[in-house]
Amino acid sequence: MQEEYRTVAGEGVHETEVSRSRFLCALAPAATEQEAQEFVARVRKEHPTANHNCFAYVIGADASVQKAGDDGEPGGTAGVPMLQMLMRREVRYAVAVVTRYFGGVKLGAGGLIRAYGGAVGQALDSLGTTTRRRFRLAAVTVDHQRAGKLENDLRATGVAVRGVTYAEAVTIEIGLPDAGVEGFRAWLADATAGSATLELGGEAYGDV
């Protein structure tokens, strides 16, 4: 598994103009291919009178799914340069749709490639990206008496607290870097005089 990946910070639109044609690049994070396709469909519905709604998306921290579409532009002049820009910027789990309103001036193949790729690059610069790092999910179970102080100590030491559940005991869900599990186990035993238990779960990605 990849240790980390970059994705778009959030959904947004950035507009550029090239030779009187308007290029609106809509970007969004997408956890699955279905989410990416739904976003493409939504943008197309928002711009029914546009000349083209071209798309590209990359799913998977290792970029295992890569798709692009030219939507009527000459083959390879729109979706592919958009996809190449996402890959060059190492952006994953993201979808881009560039909506073009034709301004009357033909750009030629080279001009289209630069315009579509550039629209994605400028949108990434404008909207920003965020890095997500792989970590291990874990649950700390402790008695009510120690729970409040332990939760504060966890947050103070930079451990990602993802949730707290109160029952007979208190379970604090956390995220740990893989390399830090054994060190955390020792710290926890020391901080709670051995009274807390640590249960490791699966892996996930979170914001750095």
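Which side chains does a polar contact of 2.7 Å join to that of Glu-33?

1. Basis. This is a predicted model, in which local features need pLDDT of at least 70, side-chain atom pairs count only at pLDDT 80 or more, and totals for chains, interfaces and linings use all residues. Residues are numbered from 1 along each chain as its sequence is written, and side-chain values use heavy atoms, with hydrogens and water left out.

2. Glu-33, polar contacts. The answer includes Lys-67: a polar contact of 2.7 Å joins its side chain to that of Glu-33. The Glu-33 side chain also makes a polar contact with the side chain of Tyr-57, at 2.7 Å. A polar contact is a pair of N or O atoms within 3.5 Å; within protein, one must be able to donate a hydrogen and the other to accept it, and residues adjacent in sequence count only if both atoms are side-chain atoms.

3. Glu-33, setting. Glu-33 lies in helix α1, residues 33–46. Helices are DSSP runs (H or I, at least four residues), as are strands (E, at least two), numbered from the N terminus. Glu-33 is partly exposed because its relative accessibility is 25% (buried is under 20%, exposed over 50%, partly exposed in between; 1.4 Å probe, protein chains only).

4. Core. The largest nonpolar core has 25 residues. Such a core is a set of buried Ala, Val, Leu, Ile, Met, Phe, Trp, Tyr and Cys residues joined through side-chain atoms within 4.5 Å. Helix α3 gives the most, with 7 residues. Tyr-116 is among the residues with the most contacts inside this core.

5. Second core. A separate core of 17 residues includes Leu-154 and Ile-172.
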